[in-house]
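Open the model in your viewer and keep the selection panel at hand. We will go from one stop to the next.

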Amino acid sequence: MSIFHRHKTIFTLLGFVLPALLFYVIFFLVPAAGGVWYSLTNWNGLTRSYSFVGLDNYVEVFKQDPIFWDSLLFTLKYVFYMVILQNILAILLAVFIESRASSKVWFRTIFFMPNMISMIIGGFMWMFIFTKVLPYIAEHTIFKFLDQSWIGDPNFSFFAILVVSLWGGVGYLMVIYIAALQGVPKTLKEAAAIDGANAWHIFRHVTLPMIYPALTIGLFVTLNSSFKVFDAVFSLTGGGPGRSTQVIALNIYEEAFAMNSRYGYASAKAMILFLVVFIITMIQLRVMKKREVEA
Amino acid sequence: MSTNANRALRNKPVTGGDRLGKRTWKPGSVLIFLFLALAAAFTLFPIFMGLLNSFKTEGEMLNNILAFPSKIQFANYSDAFDKIDFLRSLWNTVAVTVIGLIGIIVFSSMAGYKLSRTPGKLSGFLFALFVMSMLIPFHSVMITLNKIAKLLSVQGSTVGLGLIYIGLGVSMAIFLYHGFVKSIPRELDEAAVIDGCGELRLFFTVIFPLLLPVTATIAILNALWIWNDFLLPLLMLTDSDTYTLLLSTNMLFGQYGNNDWSAILAALILTMLPVIILYLLLQKYILNGVVDGAVKG
């Protein structure tokens, strides 16, 4: 009886899990494992046969691919600015919005709106702003400094990409921070106010420690999404001018699908992207978990 | 602290403003409002400019890009409507999203429920196998996925694309269902089993309705993701008849060296419209869903 029962449990478990597992294995696990395998081969999209080349692809990435390293560096710079600016802006908006009474819902609705729109559409919208509207404003008003080559000059196009990404991403984090702020007990803040703390001190020593869990989520989300950024850059600059704003995801995409169809080599790059994201996420989660406990 | 003191505090919040008189905190409040208003204007600016200029002729736009259109004309819209084959693209996008959503919700709720209810190594292993994928970026999967899609000949069709989304979406949904099921008392399962319910019927008639809150969250998150996803359709859909809204709009862009902005802006507004309307209608649910998904995921 008990053996029968145990088998029955296992069979029902498998029966319930099987449909999801089937799709997951075919469209995710096998491709993921395939990525590891192909990164060790010289497979390309053009010929049918390929051979095992060991770590040659990785050696080539490290030794002979300055374009990949440029894109990695550019991505790191982007991630750095995004993690800081996006979280600061989102917290600022959340705190300010929470202090409003009647206009709260309006502001929240507006700030979250870009999140509903694909960054492909957002990027195209902003391209119109950067290439048509800003030059017009510069020509006809006193804001002459707006007349820059926002898309064509690498220094400015980095700024343009940041603006578009923040425009599209701040609202999401803001919503998370608002939810966290609503969980901070009012009595705590009031007690601090009685003790003579000013608004900044209350925020720094009462509110901020209380929303550390949300900060963990916020940093995790931003790190993860900025390392993988593709849409905003694709639609706004396409990685240009030249390859000056090419991010890793775009570099991998071009290597595999747009330029040379070097699937094996592109898989090696994708593995490196995975490792970088994985290591940084692990470090960050560990550090933040520690802080949460201490606070 | 006594309850009386507590009540006194709540009725009369002691803030810096109260002690120093109203005049000192008011400027701060005005500044905050100004800051928020400016930020809101900045957020709406590109959408507003796009909308404004989508009603102008090319000449009018060149003449004054900031002015209101002299008369509302829809020529750009009918132009864009044809160029991006709006109705067909919309239908394709809806089809992909619906197939993906239904598959993700049905399969993940079943798996998440059983995995949560079954103790033991096998169950733990399967759950870990699903959750693992949340750390792997899509870019590490896409190259081989492309090959497999060709092999199974799901490449090039909207139905095939929807099926792929199921495979990519189940892990996060299973994770959310797995957590939520713990809050549903086990006695319910047992009572239904004694009544002679089959396992699968038990699940869909008794348990699934109870999962509604988390189902709503999962539906919102995945609908947003699939609807706005660009890279996967770009890799999978090769024939313009199968293009989603984003792909059609993107093609419109590549077509012209010197961009025909009046038609493009109309196309961008058309593409945004369904989402914005839904957002304004379901705002509360969407924001709650996003928060739940982020906090638990």
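Select Leu85(A): this residue sits in helix H3 of chain A. Bear in mind that the model is predicted.

Now extend the selection to helix H3 of chain A, residues 66-99. This helix gives the largest share of a nonpolar patch, 7 residues. To see the patch itself, pick Phe80(A), Tyr81(A), Ile84(A), Leu85(A), Ile88(A), Leu89(A), Leu92(A) and Phe35(B). Together they expose about 660 Å² of accessible area on the surface.

Next, colour the two chains separately. How many residues of chain B are in contact with chain A? There are 96, and they meet 86 residues of chain A. Between them, chain B and chain A bury about 8,600 Å². Carbon and sulfur atoms account for 83% of that area.

Stay on the chain B side and select helix H15, residues 261-296.

Last stop: links across the interface. The count of salt bridges between chain B and chain A is 0. Polar contacts join 11 residue pairs there, with both residues at pLDDT 80 or more.

How values were computed. Residues numbered from 1 in each chain as written. Chains lettered and ligands numbered in written order. Predicted model: local features only at pLDDT ≥ 70, side-chain atom pairs only at ≥ 80, totals over all residues. Heavy atoms only, no water. Contact = heavy atoms within 4.5 Å. Buried area = accessible area lost by both parts, 1.4 Å probe. Salt bridge = Lys/Arg side-chain N within 4 Å of Asp/Glu carboxyl O. Polar contact = N/O pair within 3.5 Å; in protein donor to acceptor, adjacent residues only side chain to side chain. Helix = DSSP H or I, 4+ residues; strand = E, 2+ residues; numbered from the N terminus. Patch = residues over 30% accessible without salt bridge, like charges linked within 9 Å, V, L, I, M, F, W, Y side chains within 5 Å. Areas by Shrake-Rupley, 256 points an atom, 1.4 Å probe, with all protein chains shown as cover.
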